[in-house]
Amino acid sequence: MPHQLAGPPSLLRQHPRLFALFPISPLNPSHIHTSHLFLTMEKICARSSVSLLFNRSSQTKRSHLLLPFVSLPFSRASHRTISTSNRSCVTMSVRSDAVVNTHDPPKGSETFFRTVISNMEKVYLNRNPTAKGILDLVQSHDGDNICYDHFAFRTFGVDGYGINSLAEFFMDFGYTPREELRFPAKKLKALWFSPPNDSSSNNNGTGINGPLPRVFISELIVDQLSSESQEVIRKYIKTSGIGKKYASLASMCGGLTWEKPSFSDYQVLSRESEYAAWTLVNGYALNHVTISAHRLKSEIRKIQTLNKFIEDSGFKLNSEGGILKVSPDGLLQQSSTVADSISFTFADGKTDIVPCCYIEFAERLKLPQFKDLPDKEVKEFHRRDGFEVGNADKIFESTSKDQLTRNVA
């Protein structure tokens with residue numbers, strides 16, 4: 001049997017972006033076969049893309065992560081896959097340059113990055129009066145303590161217009177791909193990214209100037225749609241030219257990289273996939289931001305109290321699966337508003353109301369090993385990280401017709 005290293009190996013510490021792929025908590029050491037680790041590092045040093053398969057043992061409380069093999073190089077921007085039923089295995093392939101670069105982005109580039117996401121936020125708030133109203137409401141009650149848990153985007157998974165079209169930008173500024181989630185019924189997959197390690201240390205700032213948010217990017221698996229819907233999506237993708245290279249710019253300025261769609265094409269997609277129809281008219285626009293409830297200071301830092309506060313103020317929350325969405329371990333609790341609607345004029349002159357954006361709320365509770373830690377000493381890494389398929393599946397419904405047309409009781 002190959003020799004094993006207990007805890008995070010020093011080699012992984014020297015390569016923080018590779019280390020981030022190993023979900024090891026401070027009090028939950030893992031074992032990694034060194035022979036396979038060295039093989040992985042050898043591949044990285046050779047600047048080839050690698051696919052890492054992690055196998056998580058379900059027989060013990062420790063998350064033993066074994067590295068069974070390193071595959072032949074993948075393409076420059078391959079996707080990661082995860083079993084959403086038991087998350088027993090995770091396959092990740094990472095751009096080699098994103099892994100090899102171990103230097104944190106210089107401070108000047110962080111300033112630029114925050115300027116970009118600030119403009120994404122401005123486009124989002126201009127389209128979503130509910131989000132602006134709630135941000136103002138929470139700030140007036142709790143003070144200037146709002147921090148963002150994550151930003152979320154939607155994409156078409158075809159011809160390079162999927163997750164990677166936006167991921168490249170975030171990875172260039174220090175973000176690390178973490179875990180992929182699958183939503184078979186919706187024909188979706190998603191990948192979330194953690195911010196640079198030092199960003200969470202900016203505890204004095206709030207909003208865009210506070211700790212950098214996680215990023216959650218989903219994509220529609222277009223090949224699984226009907227031929228009619230596929231034809232519509234591919235038709236518009238072709239009009240985009242090389243628009244996939246400018247996804248972050250499109251999100252920042254609020255424009256579509258493809259031609260404005262016709263109403264009839266929008267209807268075709270609406271009948272099969274509300275996600276597809278939303279993406280056709282909103283493109284790479286920020287789908288939602290999420291307030292980090294536990295970072296607030298008043299009583300509304302508890303998400304159930306926050307939900308009541310928001311509903312009592314006249315805002316409608318997404319009721320799919322219940323107002324509060326709770327992960328199986330009980331440590332990730334989420335809710336969201338119903339999306340605002342906007343008037344959209346289609347290419348054929350038809351004007352109709354289409355769903356736009358919404359705002360989400362998340363409370364991440366302390367991990368079991370930190371449950372006795374005094375609240376004033378709790379940092380973000382002491383709390384539950386990541387996302388949950390069951391929660392996210394219901395949050396997606398915030399833009400659905402059923403939620404938009406639901407009457408508030």
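The model is predicted, so local features need pLDDT of at least 70 and side-chain atom pairs count only at pLDDT 80 or more, while totals for chains, interfaces and linings use all residues. Residues are numbered from 1 along each chain as its sequence is written, and side-chain values use heavy atoms, with hydrogens and water left out.

**Exercise 1.** Find which residues of α7 are buried, and state what follows for the helix.

Solution. Start with the terms. Helices (H or I, at least four residues) and strands (E, at least two) are DSSP runs, numbered from the N terminus. Buried means under 20% relative accessible area, exposed over 50%, and partly exposed in between (1.4 Å probe, protein chains only). Next, list the buried residues of α7: I163, N164, S165, L166, A167, F169, F170 and M171. These are eight of the ten residues of the helix (residues 163–172), so α7 is largely enclosed by the rest of the structure. After α7 comes G174, with a positive phi near 100°.

**Exercise 2.** Classify the ring pair F113 and Y175, and locate its two members.

Solution. A pair of aromatic rings is described by the distance of the centres and the angle of the planes. Rings of Phe, Tyr and Trp (its six-membered ring) pair if their centres lie within 6.5 Å; planes under 30 degrees apart count as stacked, over 60 as edge-to-face and the rest as tilted. The whole structure has 20 aromatic pairs. For F113 and Y175 the centres are 5.7 Å apart and the planes at 40°, so this pair is tilted. F113 is in helix α5 (residues 107–127) and Y175 in the loop between α7 and β8 (176–183), 62 residues apart. F113 counts as buried at 2% relative accessibility, and Y175 is buried at 1%.

**Exercise 3.** Classify the pair F216 and F387, and say where each residue lies.

Solution. The centres are 5.0 Å apart with 50° between the planes, and the pair is tilted. F216 lies in strand β10 (residues 214–220) and F387 in the loop between β16 (358–364) and α13 (389–395), so the pair ties together parts 171 residues apart in sequence. Both F216 and F387 are buried.

**Exercise 4.** Describe the surroundings of I146.

Solution. I146 is in the loop between α6 (129–142) and β7 (148–156). The residue I146 is buried, with a relative accessible area of 9%. Leaving aside neighbours within four places in sequence, I146 is in contact (heavy atoms within 4.5 Å) with residues including L135, T206 and I291.
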